[in-house]
Amino acid sequence: MDILRFATAGSVDDGKSTLIGRLLFDSKAIFEDQLEAVERTSRDRGTEYTDLSLLTDGLRAEREQGITIDVAYRYFATPRRKFIIADTPGHIQYTRNMVTGASTADLAIILIDARKGVLEQSRRHAFLTSLLRVPHLVLAVNKMDLVDYSQERFEEIREEFTAFASKLNIGDLTFIPISALNGDNVVSRSESMPWYNGSSLLHHLENVHIASDRNLVDVRFPVQYVIRPQKATDHAFHDYRGYAGQVAGGVLKPGDEVVHLPSGLATRIASIDTFDGPVEEAFPPMSVTLRFEDDIDISRGDMIARPNNQPQVAQELEAMVCWMGDSVKLAPRSKLTIKHTTRTARALVRDLHYRLDVNTLHRDEEATSLGLNEIGRVSLRVTQPLFVDDYARNRLTGGFILVDEATNGTVGAGMITDVR
Amino acid sequence: MLQRDYTTSQLDVLEAEAIHIMREVAAEFERPCLLFSGGKDSIVMLRIAEKAFWPAPIPFPLMHVDTGHNFDEVIEFRDRRVQELGARLIVASVQASIDAGRVVEDTGRRASRNRLQTTTLLDAIEDHEFDAVFGGARRDEEKARAKERVFSFRDDFGQWDPKNQRPELWNLYNARIRKGEHIRVFPLSNWTELDVWDYIRREGIEIPSIYFAHTRKVFERDGMLLPDADVVHRGDDEPLIEAVVRYRTVGDMTCTGAVQSTAATVEEIIEEIAATRITERGATRADDRASEAAMEDRKREGYF
């Protein structure tokens, strides 16, 4: 059994909470005491139906204001897969929250109300899914019961959205007509839509192939931590020196020739160690410890790659940045801390090329700063070389965060572009 | 040639993520510590720490906030496990906080030291100048926890501000703090109760005996089965009964209920949990029943 992480986007009006509630309920991930608590609260508030959003909106302020503040993580499993849902609110702080949820997602579900069709909000969600390179997108056309399960309406929405999506980078796009309220095509195929030949939503989530979404081609191993036991009592490990980290790309095997960056020195992998014994190969997302045949000076923040397949060593970066700071703006000459893989450095914003309108995709080249929830194309200069790939090629070696040096808050998320 | 399938099982993914988080903390903080209570989640967390730094010893101390009202079996287990690992254990005592006048003990039938632990914990973090504290909390446990970050920022009063959390993207964690502030780190954030048990089974990890079915004298209060013990104040209208029970969570005796169960092995426990219709905390924790937002309120003050 593997894990599928998916993000859901859409507002309460689109039936998102109802859909999540149904997935959780039908997979028995909602328990009796949780349901009772939700029913009690719904009744106390005078709501006629059981408001399943109360399951995810756990914070006092959310309950008081009837809004979703933050990304909520929910869990369920079927015999085929374990699922992690990053449920992102549709209205407040949507960009910041959706970017956060999408950064680790294998798949995104965007909900559309069949009566309303493709709205500005749907385009925005699709754009963010594409910007964050979520490999799979499902467009769930909800409330089909309210349009008489009309195939014509479904096809209309499909055509409109497909035309828009062709401007984006969306790898795998699937359309599913559903009624979250009635359960049509959610867990099992609906009898109300005989014209639909595809999978139910849950069947799709259970079967979509994700193992090959990880980059298994370009060997990338950011060194995270140096392990040196130095226990005088244990002579077996007296001279042990291992380099621990999580594989960010490619497949590593003992005996492979590798190159260390920044030194550029080549060596071979002597062994791949774990607590449970040495292993014959390591690939994403494994956390392992490498030992090398030669004694090279290696520290945290360094990178292991292959001699004939190396990341770019860069101090000048081009990136799309999503700004998340509320008290400060990003502008030319801003100084920030940048964290990329296991390396932390300082970064200077050299230029803001344009601010992107996420609704129209219009580029405003007159923009002089990025405010909260705005996205723009930025040039950065970094105090130390980073070992980078294009974000489109590897999300782990192409993504970075920006930290405000005054408040220590995480204020930006960046996706590196234009790597040779 | 057949294409190798690089599908990774859910336990391997969760373990790799938790190891990554632990190494990140060890690399970026000066003085981390790991909260170890002898409960199943902290036992799993300790195994992850063993794996993350092997063959080196775990590079930080363990800490237990001891209410003085713990089950003997769990304390015995805690000490044995610490000795096996050769780890350093700091015991922060709620009794000492009471004796020092830092907190005042509740009185009456429902008196519990559960909430007092927060002061003891925060005092210990300050005394030892810990800048990162590992906890075994999971997001599936409780709705306030569903929104908590893996690296959860605490101000210099130890408080959590749920409305002002740092966004967390990819596997990049922001470890920046000022002196006096700290980060609570939750490596098991994405694990469910069932994942924890599956992992215990897969790894063959030993757990305290009270997790398995045993005969115990208990009494019923608010639908929970509380143990017969000196520190639990039982009223005359609360008769003792002998029952076959086990514990689903392990905490302070005054607020941790047993469940009726005959599950005597890890396999039987997994079967039982897979079929249960009540959440772990709903079944066993009086502390969460105080109000709709009981956990959020305690967490804001600095609770685990």
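**Strand pairing in chains A and B**

Visitor: Which residue in S4(A) is the bridge partner of A:Ala9?
Guide: This is a predicted model, in which local features need pLDDT of at least 70 and side-chain atom pairs pLDDT 80 or more, while totals for chains, interfaces and linings use all residues. Residues are numbered from 1 along each chain as its sequence is written, with chains lettered from A and ligands numbered from 1 in the order written. Strand S1 (residues 2-9) of chain A pairs with S4(A) in the parallel sense over four bridges; two strands pair if DSSP finds at least two bridges between them. In S4(A), the partner of A:Ala9 is A:Ile110.

Visitor: Through which helix does the chain cross from S4(A) to S5(A)?
Guide: S4(A) and strand S5 (residues 136-142) of chain A pair in the parallel sense over seven bridges, with A:Leu111 opposite A:Ala140. The β-α-β crossover from S4(A) to S5(A) is right-handed (clockwise from the first strand over the helix to the second, with the strands pointing away from the viewer). The helix on this path, residues 120-131, is H6 of chain A.

Visitor: How many residues of S4(A) are buried?
Guide: A residue is buried if 20 or more other C-beta atoms, placed from the backbone, lie within 10 Å of its own. A:Leu107, A:Ile109, A:Leu111 and A:Asp113 point one way, A:Ala108, A:Ile110 and A:Ile112 the other, and all are buried. For strand S4 (residues 107-113) of chain A, the count is seven of seven.

Visitor: Which residue in S8(B) is the bridge partner of B:Val218?
Guide: Strand S7 (residues 214-221) of chain B runs antiparallel to S8(B), joined by four bridges. The bridge partner of B:Val218 in S8(B) is B:Pro227.

Notes. Helices (H or I, at least four residues) and strands (E, at least two) are DSSP runs, numbered from the N terminus. A residue is buried if 20 or more other C-beta atoms lie within 10 Å of its own, exposed if 12 or fewer, and partly exposed in between; C-beta atoms are placed from the backbone.
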